[in-house]
Amino acid sequence: MPSLIKKRTLTNPAKNVTLDYAATKSRDRSHYIKGVFLIEKKIAKRSFYIFIACFFICCAGDGLDKQVTVDVSDISVIRVHNNNGSIEVKTAGGTSQTIIGGYINFRLQNGETEIPEIFESYTAADTLIVNGIGSGKGFESIKLSLTVPENLALSLDQNNGNIIVRGVFGEINATLNFGRVTGKIWTEQLDIDVANGSVDMKIPGFKAEGYYLIRVGNGSLKVYLPETAEGADIRAWSENGPLESDFGISATPTVGEFVVGNGPVEMRLLQN
């Protein structure tokens with residue numbers, strides 16, 4: 001008598017599952033159908049989880065990192081330029097090296113194989129130059145982070161995004177088109193120019209023999225100074241906005257000038 005055994009093969013992403021059943025036995029067939037239903041449900045659930053996992057892995061992988069270390073024993077100035085993203089600089093004592101890190105939110109499109117350069121760094125005379133690069137396609141955000149020795153001078157130029165500075169520096173010059181400048185610094189020479197955005201700066205290292213200039217075209221300015229700033233020749237004003245100050249403001253500044261074109265100005269004493 002010919003065999004009535006039939007086979008059905010289910011394809012699983014991980015392996016093939018083959019089940020046999022006797023078509024002439026309804027009870028076996030019902031067990032088979034129930035078994036197939038459970039296996040297919042399990043496979044569908046596993047496939048769903050595989051899809052979700054792949055989705056998150058792809059989304060999480062939309063970025064590239066780069067890090068280099070540069071000896072700056074003969075360097076006195078660090079100059080950084082970036083277009084979209086951020087520049088963050090902090091100091092570390094007892095070192096003659098600068099660690100430069102970069103991150104770009106880049107994703108290869110269909111057919112693309114070229115990986116963009118995140119940044120370039122090189123020296124010219126006594127200056128270390130760092131430039132954010134990217135692929136030049138679309139709005140790419142590059143985050144540059146530098147850990148530098150203390151007392152070096154900084155020249156920072158960011159088009160759109162943020163500038164963050166923390167630590168002990170020589171002279172600081174920073175320009176920003178759109179965005180925000182924040183930090184906590186010890187320096188005797190400060191020049192910050194923001195076209196559109198805000199500045200929120202703590203200057204515990206303020207010295208009466210130094211000079212501090214912060215200009216904001218459109219936006220807001222908040223500066224925190226130590227008690228030693230009281231009595232210093234500081235000017236703070238807004239062409240079109242309120243001014244609040246915890247200490248006296250000089251009409252003829254020789255130490256500091258904090259100016260906003262359109263927006264509020266706040267001068268606050270640092271709290272211990």
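Begin with the charged side chains: there are 11 salt bridges, a salt bridge being a side-chain nitrogen of Lys or Arg within 4 Å of a carboxyl oxygen of Asp or Glu. The model is predicted, so local features need pLDDT of at least 70 and side-chain atom pairs count only at pLDDT 80 or more, whereas totals for chains, interfaces and linings use all residues. Residues are numbered from 1 along each chain as its sequence is written, and side-chain values use heavy atoms, with hydrogens and water left out.

**First selection: arginine 166 and glutamate 88.** Their side chains form a salt bridge, 2.9 Å from N to O. The pair links distant parts of the chain, with arginine 166 in strand β9 and glutamate 88 in strand β4, 78 residues apart. Strands (E, at least two residues) are DSSP runs, numbered from the N terminus. Arginine 166 is partly exposed at 37% relative accessible area, and glutamate 88 is partly exposed at 27%; buried means under 20%, exposed over 50%, and partly exposed in between (1.4 Å probe, protein chains only).

**Next: aspartate 246 and arginine 268.** The closest N and O atoms of this salt bridge are 2.9 Å apart. Aspartate 246 lies in the loop between β14 (243-245) and β15, and arginine 268 in strand β16 (residues 265-269), 22 residues away. Aspartate 246 is partly exposed at 36%, while arginine 268 is buried at 19%.

**Then select β7 (127-132)**. Which way do its residues point? Thr127, Ile129 and Asn131 point one way, Leu128, Val130 and Gly132 the other, and all are buried. Two strands pair if DSSP finds at least two bridges between them. Strand β4 (residues 77-92) runs parallel to β7 and is joined to it by five bridges; arginine 79 has isoleucine 129 as its partner.

**Finally, inspect two backbone positions.** Most residues other than glycine have a negative phi. Alanine 125, in the two-residue turn of the β6–β7 hairpin, has a positive phi of about 60° and is exposed at 77%. Asparagine 151 has a positive phi near 70°. Asparagine 151 sits in the loop between β8 (142-149) and β9 (153-168) and is exposed at 53%.

Definitions and conventions
Helix = DSSP H or I, 4+ residues; strand = E, 2+ residues; numbered from the N terminus.
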